[in-house]
Amino acid sequence: HAVTFDGKILNGVPVFRALYQEVGLGWLFAVTKYPILKQLSNLGYDLFAKYRTNITRGQKLESLIKMYEEKKKIESKQKRSEKCDTATMTCRT
């Protein structure tokens, strides 16, 4: 997603077309304006976007979120245990 200066929201291939245009490389995505190539590039981007975490990280997004949440739980428990002194049976708050 991107937001243009005038507030228009872009998503998918049009984001890349606009970004490349801004840096002087608009010609790279200019072909995606033609009807058939526009449909094909949008379809390709939609497929990539749907499966991007599988492609780039080898796992589904849901799995990555679950792993992140489990890591945060472990870190939280570790922080709580670091605040307690088992010898004196006291905990700092």
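Residues are numbered from 1 along each chain as its sequence is written, and side-chain values use heavy atoms, without hydrogens and water. Because the model is predicted, local features need pLDDT of at least 70 and side-chain atom pairs count only at pLDDT 80 or more, whereas totals for chains, interfaces and linings use all residues.

Student: Is the pair of Phe16 and Phe29 stacked or tilted?
Tutor: The centres of these two rings are 6.1 Å apart, with 15° between the planes. Since planes under 30 degrees apart count as stacked, the pair of Phe16 and Phe29 is stacked.

Student: What is the pair of Tyr20 and Phe29 called, with planes at 55°?
Tutor: The ring centres of Tyr20 and Phe29 lie 4.9 Å apart. Their planes stand at 55°, so the pair is tilted.

Student: Is Tyr20 buried, partly exposed or exposed?
Tutor: Buried means under 20% relative accessible area and exposed over 50%, with partly exposed in between (1.4 Å probe, protein chains only). The relative accessible area of Tyr20 is 29%, so Tyr20 is partly exposed.

Student: Is Ile36 buried or exposed?
Tutor: The relative accessible area of Ile36 is 62%. Because exposed means over 50%, Ile36 is exposed.

Terms used:
Rings of Phe, Tyr and Trp (its six-membered ring) pair if their centres lie within 6.5 Å; planes under 30 degrees apart count as stacked, over 60 as edge-to-face and the rest as tilted.
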